[in-house]
Amino acid sequence: MNDKRLQAHGAILLANVIFGLGVPITKMLLTDWVSPMTYMAVRCLGAAVVFWIISCFMKQEKVERHDLMVILVGGLMGVVVSQTLTAWALDYTSPVYFSLIATLTPVAVMLMAALFIGERITGMKFLGVLLGIGGAILMVIMGQTSGSGSNDLLGIILAILSVLTWAVYMIITRKVAQKYTPVTQMKYVFLISAVVTVPLAWPELSQQPLFSAETFGWDGALEMAFIVLLATVLGYFLIPFAMKSLSATTVSIYTNLQPMVASFVAIMIGQDRLTWDKPVAAILVLLSAYIVTVVTAKNENATEA
């Protein structure tokens with residue numbers, strides 16, 4: 001494995017650890033400090049400002065009009081739609097259930113690839129889909145009876161929609177990610193995201209505890225700083241960097257780290273509790289992801305190596 005591919009694997013590994021930590025931190029923000037839409041607006045605006053500042057110190061890239069449209073549409077799908085659904089999902093369900101759904105990203109990528117680019121679904125991939133669906137159904141059933149969220153069924157549905165739109169983002173931006181630097185891509189992604197989310201959140205901004213003089217707290221500010229600077233700027237910088245050298249399927253494999261990190265932290269800080277269904281669901285969705293990405297992608301992995 002050459003240095004570029006090794007760096008790409010390291011980048012996507014770090015990104016998913018950060019995203020895993022971001023799940024319980026986002027839950028804390030939504031519980032104590034901001035609404036889902038305000039959370040998205042601050043996240044997008046903060047990331048847009050940082051990426052545009054960074055771009056001022058880098059060589060300017062000329063982006064072709066068609067590629068710019070792909071980047072903007074990708075931003076709407078991968079940030080505005082997917083991450084807003086994520087915020088709403090975490091407002092209703094637990095970090096553990098959400099992160100387990102996120103593990104189905106490889107399955108979602110495969111399904112979206114079959115839909116958009118005609119990738120063939122083999123028998124083993126179909127088995128992987130069934131296992132993933134089984135894990136999701138188990139979470140839905142148990143969430144209705146013993147879940148710790150305010151509405152686990154709605155949260156899980158929103159999480160599934162978030163994963164599907166994220167898969168679309170990964171597929172449609174794959175070729176563009178190989179042509180331009182991460183900063184060039186992300187400054188436009190978060191610009192369009194901020195343009196959409198800030199006007200929607202503006203009317204409720206002053207009502208949020210994080211932005212009120214009476215209720216402001218530095219712990220909330222630090223949590224938001226983590227989301228903007230690490231879970232957004234650094235994380236979204238690392239993804240296109242990795243996709244320059246790795247396939248979307250390979251990148252999606254690393255998503256399996258997110259539930260491990262998120263579940264451990266959430267249970268340790270009391271956001272969730274460990275019940276029998278969570279390990280069983282984890283086995284089903286992780287096995288689903290394994291079948292879809294590893295067993296059926298041996299030829300692809302051999303080519304990459």
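The points below go through salt bridges, aromatic pairs, a pocket and one loop serine in a predicted model.

1. Basis. The model is predicted, with local features requiring pLDDT of at least 70 and side-chain atom pairs counted only at pLDDT 80 or more, while totals for chains, interfaces and linings use all residues. Residues are numbered from 1 along each chain as its sequence is written, and side-chain values use heavy atoms, with hydrogens and water left out.

2. Salt bridges. Two salt bridges are found in a search of the whole structure (a side-chain nitrogen of Lys or Arg within 4 Å of a carboxyl oxygen of Asp or Glu). Glu64, Asp67 and Lys179 are linked in a network of these contacts.

3. Glutamate 64 with lysine 179. The closest N and O atoms of this salt bridge are 3.8 Å apart. Glutamate 64 sits in the loop between α2 (36–55) and α3, and lysine 179 in the loop between α8 (174–177) and α9 (182–201), so the bridge ties together parts 115 residues apart in sequence. Helices here are DSSP runs of H or I with at least four residues, numbered from the N terminus. Both partners are partly exposed, glutamate 64 at 48% relative accessibility and lysine 179 at 42% (buried is under 20% relative accessible area, exposed over 50%, partly exposed in between, with a 1.4 Å probe and protein chains only).

4. Aspartate 67 with lysine 179. This salt bridge has an N to O distance of 2.6 Å. It links distant parts of the chain, since aspartate 67 belongs to helix α3 and lysine 179 to the loop between α8 and α9, 112 residues apart. Aspartate 67 is buried, at 5% relative accessibility.

5. Aromatic pairs. The whole structure holds four aromatic pairs (rings of Phe, Tyr and Trp, the last by its six-membered ring, with centres within 6.5 Å; planes under 30 degrees apart are stacked, over 60 edge-to-face, the rest tilted). In one of them, the ring centres of tryptophan 52 and tyrosine 188 are 5.6 Å apart and the planes stand at 80°, so the pair is edge-to-face. Because tryptophan 52 lies in helix α2 and tyrosine 188 in helix α9, this pair ties together parts 136 residues apart in sequence. Tryptophan 52 is partly exposed, at 30% relative accessible area.

6. A pair within α7. Tryptophan 166 and tyrosine 169 form a tilted aromatic pair, 4.9 Å centre to centre with 35° between the planes. Both residues lie in helix α7, three residues apart, about one turn of the helix. Tryptophan 166 is buried at 13% relative accessible area, and tyrosine 169 is buried at 4%.

7. Second largest pocket. Its volume is about 190 Å³ (the space filled by probe spheres set on the grid points). Elements giving two or more residues to the lining are α5 (105–117), α6 (123–146) and α7 (152–172). Helix α6 gives the most, with four residues. The lining divides into 11 nonpolar residues, one polar and no charged; its members include Leu104, Leu111, Gly132, Ile133 and Val163.

8. Serine 94. This residue is in the loop between α3 (65–92) and α4 (95–102). Serine 94 is buried, with a relative accessible area of 2%. A polar atom of the serine 94 side chain lies 3.3 Å from the backbone nitrogen of tyrosine 97.

Notes:
Polar contact = N/O pair within 3.5 Å; in protein donor to acceptor, adjacent residues only side chain to side chain. 1 Å grid on protein atoms, 1.4 Å probe; cavity = no way out; pocket = protein on both sides within 12 Å on 5 of 7 lines; lining within 4 Å. Nonpolar A, V, L, I, M, F, W, Y, C, P; charged D, E, K, R; others polar.
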